[in-house]
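Colleague: I am new to this structure and would like a close look at a single part. Could you take me through one chain, and how its pieces meet?

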Amino acid sequence: MPITVYTPASALRDPGLMFRSMIADLRASRELAWSLARRDLKAQYRQSLFGYVWAFIMPLTTTVAWVYLNSSGIVKVSNTGMPYAIYALTGTLLWQMFTEALNSPLAQLNGAKNLLAKLSFPREALILSGMIKWWFNVGIKLLIIIPALFILGGTPDWHMVLVPLILVAILLIGTAIGLFIAPVGLLYTDVGRMIPVVLQFAMYVTPVVFAIPASGFAAVLFRINFMTPVILNGRAWLVGSGGSMHTELTLICGAALVLLFLGWILFRTTMSVLIERMSA
Amino acid sequence: MEQDVLIKVEGVSKKFCRDLKTSLRYGMADVRDEVLGRPRTLDLRPKEFWAVKGIDFEVRRGECLGLIGHNGAGKTTLLKVLNGLIKPDAGRIEIHGQVGALIALGAGFNPILTARENIYINASVLGLSKSRVDERIDEIIAFAEIEDFIDMPVQHFSSGMTVRLGFAVAAILIEPDILFLDEVLAVGDISFTIKCLNRVRELMRTSAVVFVSHNMPLITSFCTRVVVMDHGHCVLDTEEIGLAVNHYFGLAKNTVQISGSGQASVMDLSLAADGVAVEGDTPTLLQGQEVTATLRVSIEKGQTAEVNLVIADATLTGLINIPVMDEQGSYIVIGPGEHDLQVPLGVVELNAGLYSFIVGIRNATTNITLCRHQGLQPFRVHADRVAWTKFVRTGVSKVLAPKPTTVQ
């Protein structure tokens, strides 16, 4: 018979026990994660006329807007080495995947406040189901992006098989950051409001719709931005070239893995404190 | 095996904060302490109070512990700590075995999806596998009595149907060693309530139960032990359920509410049991006593009035109507001035508990309410045993001689 003990002591006092229960909860949450993801996706698309179309309307309109701004000369983007439409489309799609991954943990927890406050279940399931939904939305985006690459004059090649790697990287980095934001975000709504503001700024120092400037302060920001290698390589592999900054990319992924694990521990240790404050 | 202690609670305390902004700040401080592995501070910080303080008890398999107390006494908070939703600030809880909770029925229901889809989702939130639901889905649907609506979106369900569905999913599927119940038994109509009670009784036989309720008849019929809570503290822990229920009612603050046009008022209401006046703020009557009420009313000039008495229970639900009538069975009409009315209340057949009077005085011709006093002269009824019904009638029954059976 399982014995559970609740005491005021922090779970971190007994790392062995914590690690065992982390694995156990992760295993226990798989079925629930699928079930919750299916529920949300079904409900999301059942109540909408255009259904899945909404998943790619946003990046498509952003792309059209930037192509217009570029071709009309309102905004001059330096040479990108490929048709600008492809540059902007791949950039915005990859960036959007990143922001979705980053927002997911907080959004999942906020959406399940009622469950969290009243029922006891492995909370990892909420994060996992967010990831499942993320893959689903990414799949839809790829369905539109790949044909669009050919139509817009791109030349995708075998590098395409590397794209899933970059997707995993985006999910890792986004979720890791998201897990660190979530605890504070659950307490203070300021965090939720701040995320889009920060991300907006971050987008302009990442090669999403702009190319990396050759020199100046902006060039430094682009260089130290950890998303630069991710977006650069993601785009390169989509359009059929080898990309660059591979060492940086590997380091960033390694760091993201460590962060993700730490974020998970943070999530577990703080959840009961947060539940008490949000239900009080 | 039947005597295993499944729930062991030792000195459990939990503090809450009165102010939201401060609470959030303390939340951040607690997050920091958790992450640094620091022990929690046991002192109350400004604006904090003990929502639960120093609670101890043990529950064995087959026992049912009732947690009673008024709103805000800390019952639900304690249940949340037991259920592992929030951590205790002090003390220790040991839980042996699988926990099942009939709390927040239908949590996780999505209104857009059909009842069938929601059954699977709800079950997985409760930690039950799809195959388990597949086996028993017909049983769930039959229990909830929603056969005709099983593929309808839950948003079109009545609230009663939703709760029934939620109860059915949880109650059919769980096989807990430990069962937590929080005010969930009074769902739906009476026939459904009986089904729920029977199912809970089945579950109780094999589990250790903690039962939170304001429904004293249910507490009386289910519990083997009761803990009375008040302001977070345990004020009584007893196996004598009747005593606990009495104590619970004793905690109630009685307030008199007066409404009406104000052209009449009740000056005094006193009681006499078996011809002897009973004294005190909340006098105690014994079951079986013959009781008389003496009512002093005052009527303003120009009014003629009729008086009506009602005995109400602790929830101010009227139980007995006592019109103030004469021998002919018509209302006594009284004129302006002060009057003393003697009203026979009959033999006390009320179940043990707390009661009060509602007195209404209305104009004899226009029927306009001149005054209505609610919660007047509370009194307690004492009995050696507590029933789950509102009334108790005792009499002497006998076994009649058996009918001779004819043999062919």
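Modeller: A close look at chain B

In chain B, 75% of the contacts with a separation of 6 or more are between residues 24 or more positions apart, a contact being two residues whose C-beta atoms, placed from the backbone, lie within 7 Å. This is a predicted model, in which local features need pLDDT of at least 70 and side-chain atom pairs count only at pLDDT 80 or more, while totals for chains, interfaces and linings use all residues. Residues are numbered from 1 along each chain as its sequence is written, and chains are lettered from A and ligands numbered from 1 in the order in which they are written.

The mean pLDDT (the predictor's confidence in each residue, from 0 to 100) of chain B is 88, and 98% of its residues reach 70 or more.

Chain B has eight helices and 19 strands, counted as DSSP runs numbered from the N terminus (helices H or I, at least four residues; strands E, at least two). Of its 408 residues, 40% are buried, that is, with 20 or more other C-beta atoms, placed from the backbone, within 10 Å of their own.

An automatic or database domain assignment divides chain B into domain 1 (5-13 + 50-250) and domain 2 (257-382). Taken over C-alpha atoms, the centres of domain 1 of chain B and domain 2 of chain B are 40 Å apart, and five residues from each of these domains take part in the contact. On the side of domain 1 of chain B that touches domain 2 of chain B, helix α8 (residues 241-250) of chain B gives the largest share, four residues.

Definitions and conventions:
A residue is buried if 20 or more other C-beta atoms lie within 10 Å of its own, exposed if 12 or fewer, and partly exposed in between; C-beta atoms are placed from the backbone.
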